[in-house]
Amino acid sequence: MKNHELLFGTAYYPEYMPYDRVAQDLDMMKKAGMNVVRIAESTWSTLEPRDGVFDFGYVDRVLEEAGRRGMKVIIGTPTYALPSWLVKKDPDVMVVTREGQARYGHRQLYDLWNPTFRFHAERVIRRLAEHTAGHPAVIGFQIDNETKHYGNDGEEVQKRFREYLRGKYGDTETFNRTFCLAYWSNSIDRWEDLPDMRGCVNGGLMGEYEAFKRRLAAGYLEWQAELIREYKREDQFITHNLDFEWKKFGADIAQDGYSYGVQPDMNHREAASCLDLAGTDIYHPTQDELTGAEIAFCGDAVRSLKQQSYLVLECQAQAFKYWTPYPGQLRLHAYSHLSSGAMGLLYWNWHSIHNGYETYWRGLLSHDLQENPAYREAAVIGKEWKEHGRELAGTKQPSRIALLVDNRSLEALRWFPIDRDLSYNDVVRWMYDSLYELNLECDVVDVEGLEEGRYDMIVTPALYCADENLIRRLDDFVQKGGVLVSSFRSFVADSHSTVYPDALPYGLTGCFGMSYQQFSEPGRTRLGGEPVSCFMELLKPDTAKTLAAYEHRYWGEYAGITGNHYGAGWAYYIGCYTSGPMLKEVYQEAAQRAGIRISELVWPVTVRNCMTSDGKALHYILHYSEEEREIPCPYLLAEDLLTGNIYKRGDRIHLRDWDVVILREEEDI
């Protein structure tokens, strides 16, 4: 694949179509400037209608028509949705969860470690890879689909977990002590006495169990990747569509939600280790709720896995009734993905399905399968990307800020909630979104992937579980001149969710220049005139400066936000869930201390910066509003890549509703 070409396309399921129209569909895609389709990832029963009987006819048809038009194809392994004959052959391929064994029908309800499943999955993967890898149109393979551990609590997982614990802790005495299992007589004398984890009431041990299941799920992807590597060419990639926690608005099915926060059931860093190219699925609110924050958060997280461009394998076109994009929004979505470092995007999916579970998750084409406003706007994207792909592909997004995320802390705060209305991911998004709205760009980094010397500022949302090594590293980071910004519920417990028997925040009271012993429901407490909600820690400053004190008859002697000069650096602590404007004030001071430039522009005008492959500074100006406005050009001399307009510093740039401007800095024009 040429590194100066953006990928633009769609998932395509001709087997779902009411009649044969492969040639017509690919003609329409080509007309819209699309250059890639993704096929096969959900069609096991079509590819293998009976045990050992294979039919790759529709795959061959798509490859033939795509090759004829100079289009590319990504082949998906079809393993995330089982054929019914396989379940009939061995009912135990269906996953056993806390609720019991799943029934056939829905996707992603199988036992990843069932030997019958593994045998047949390997066979269909090998046959499909062998059949397609040699075709010149095939540029890569997507292994499985949005893989997670699926809540697998079957006998095989229980057995493997027991063996894992024996290997890690050696003897049961060490194991019991590590997790405080004397509580409620949960300690064991022999490893064979370890009970089924579905009844476990120890949050730390369940955190270890969930981490173990995430590693097994990542190992399943690695197994598929190794199979594909036996067949793929050197110029073909292996990818996977990592997804995120799904934020629901209500009790309805998946239609009431969107990509929101850290995925609880798969660790992205572990999963990405076997991939050549990180991929992702990102869905988000639109119409009046479009902010760009979900695209930015998820994109920053996936880009940070390998510190290189990634591929959006699924994003929305029309989807639900409340996602039908306003004019201009589909184009804004596309450039928002590029601005975070994407090398392209594919819609889910090409056409609306006429029957089935996702009938009203509409594709780029509506049910009439004709051109429509969404298709015509996609054609605008395709034209622009073909014209400017050389500069927009292969960009680098150097960030000086890291926002640390942690699956262990997420799981611990499920067991020991901050508040019924405030989850771990709510705190992550609260801290991320305020950075985003200030145009302070960051990497979203797994705690295990934090690199020494890479960042000038580190942000830790609710980093509840932190081992002593990480704490020492953060202390050293600040002493050497770094800036640390941490929220409440950070540095409370070790990696086993055991609360440290010492002053909190553990190991960093000197760094933050304060400590606390108590926390409380805020009640009527205010901070800076604004209500405090959900949770607050009663901070007692030592060397720290009180940036904001609680406004309350009894809690007024305590600080809510502190800042401390420590060594050559600064450490800020936000002890409560407060308003966005107050958090932004802390960020502005912290960024200034870190020597990070603060933009004069703020959301709904979002600025995302990158470097082109030839070293030019490129600035995406993304306008998330229906109100037209003018902004001053912040750069000495720049050209709008999309229009050719030239701007000097201070010149007025007119932004239409839901607009995109891409400024390339120039020394001379």
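C298 is buried, with a relative accessible area of 0%, where buried means under 20% relative accessible area, exposed over 50% and partly exposed in between, for a 1.4 Å probe and protein chains only. This is a predicted model, in which local features need pLDDT of at least 70 and side-chain atom pairs count only at pLDDT 80 or more, whereas totals for chains, interfaces and linings use all residues. Residues are numbered from 1 along each chain as its sequence is written, and side-chain values use heavy atoms, with hydrogens and water left out. The sulfur of C298 lies 12 Å from the closest cysteine sulfur, that of C315, which is too far for a bond. A search of the whole structure finds 0 disulfides, a disulfide being a pair of cysteine sulfur atoms within 2.5 Å. C200 is likewise in no disulfide, the nearest cysteine sulfur, in C180, being 12 Å away.

**Close-up of helix α10, residues 293-306.** Helices (H or I, at least four residues) and strands (E, at least two) are DSSP runs, numbered from the N terminus. Helix α10 has 14 residues and reaches 21 Å from its first C-alpha to its last, close to the 20 Å expected at 1.5 Å a residue, the expected span being 1.5 Å times one less than the number of residues. Because 12 of its 14 residues are buried, α10 is largely enclosed by the rest of the structure; among these buried residues are F297, C298 and V302. Just after α10, Q307 takes a positive phi of about 50°.

**Close-up of the loop around S352.** S352 lies in the loop between β12 (342-347) and α12 (373-392) and is buried, with a relative accessible area of 0%. Its side chain reaches the backbone nitrogen of G363 at 3.1 Å and the backbone oxygen of L365 at 2.8 Å. Leaving aside neighbours within four places in sequence, S352 is in contact (heavy atoms within 4.5 Å) with R362, G363, L365, S366 and H367.

**Close-up of an open sheet of 5 strands.** The strand order is β25-β26-β31-β28-β29, with antiparallel pairing, two strands being paired if DSSP finds at least two bridges between them. The edge strands, β25 (605-611) and β29 (646-648), each pair on one side only, and the twist averages 25° from one strand to the next. Strand β25 is joined by 7 bridges to the antiparallel β26 (residues 617-623), in which Y620 is the bridge partner of R608.

Technical notes. Axes fitted to C-alpha atoms, helices over the stretch in contact; angles between N-to-C directions. Polar contact = N/O pair within 3.5 Å; in protein donor to acceptor, adjacent residues only side chain to side chain.
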